[in-house]
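Here is a short briefing on a few sites in one protein. Please look over the sequence and the model before reading on.

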Amino acid sequence: MIRYDTEHLDPERIGFVKSHLGPDVKTIADIASGGGKYSVYFARQGHEVTAYDYSPELLKTVKVRARHAGVDERLTEKKLDLTKIGKPGNKLSGKYDAVFMFDILEHMTDDVGVLKKIRPHTSRILFINVP
């Protein structure tokens, strides 16, 4: 059974992000969301979250976690291949108050190109974390 839990979230990351979000941040894009732990966490905090990932299996996990956490109305899952970002059928939809990119940019061969495609989709803040 897939379940939502917070014990595997990085408390320093959560604290840093929360300290910079502010009360007027409503929409968040979680790019390369994986199984959606952070997406679900921030949806539980009242944000409208879109979880983007390349893996259909992980997007299913996000959906199940959101349902179990009672946030499926505030969390949407969408497929996105960062290696083809910007090409037809492979774009971010809309503009977000905040965009998360946790532990993914270091895997991109054209990290600057990826960031240039993502930046127009955030109106406020872009969080990037690399190990």
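Where is Ser33 found? It sits in the loop between strand E1 (27-31) and helix H2 (37-44). The model is predicted: local features need pLDDT of at least 70, side-chain atom pairs count only at pLDDT 80 or more, and totals for chains, interfaces and linings use all residues. Residues are numbered from 1 along each chain as its sequence is written, and side-chain values use heavy atoms, with hydrogens and water left out.

**Ser33**
- Ser33 is buried, because its relative accessible area is 10% (buried means under 20%, exposed over 50%, partly exposed in between; 1.4 Å probe, protein chains only).
- Not counting residues up to four places away in sequence, Ser33 touches Ser39, Ala51, Tyr52, Asp53 and Val62 (contact means heavy atoms within 4.5 Å).

**Pro131**
- Pro131 lies in the segment after strand E5 (122-129).
- Pro131 has 82% relative accessibility, so it counts as exposed.
- Asp103 and Glu106 are in contact with Pro131, leaving aside its neighbours within four places in sequence.
- Pro131 and Glu106 are 25 residues apart along the chain, and their C-alpha atoms are separated by 8.0 Å.

**Lysine patch**
- Lys79, Lys84, Lys87, Lys91 and Lys117 form a patch of positive charge on the surface (patch residues have over 30% relative accessible area and no salt bridge, with like charges joined within 9 Å; a salt bridge is a Lys or Arg side-chain nitrogen within 4 Å of an Asp or Glu carboxyl oxygen).
- Lys84 is in the loop between strand E3 (75-79) and strand E4 (96-102).
- Lys84 counts as partly exposed because its relative accessibility is 46%.

Methods:
Patch = residues over 30% accessible without salt bridge, like charges linked within 9 Å, V, L, I, M, F, W, Y side chains within 5 Å. Areas by Shrake-Rupley, 256 points an atom, 1.4 Å probe, with all protein chains shown as cover. Lys, Arg positive; Asp, Glu negative; His and termini not counted. Charge placed at Lys NZ, Arg CZ, Asp CG, Glu CD. Helix = DSSP H or I, 4+ residues; strand = E, 2+ residues; numbered from the N terminus.
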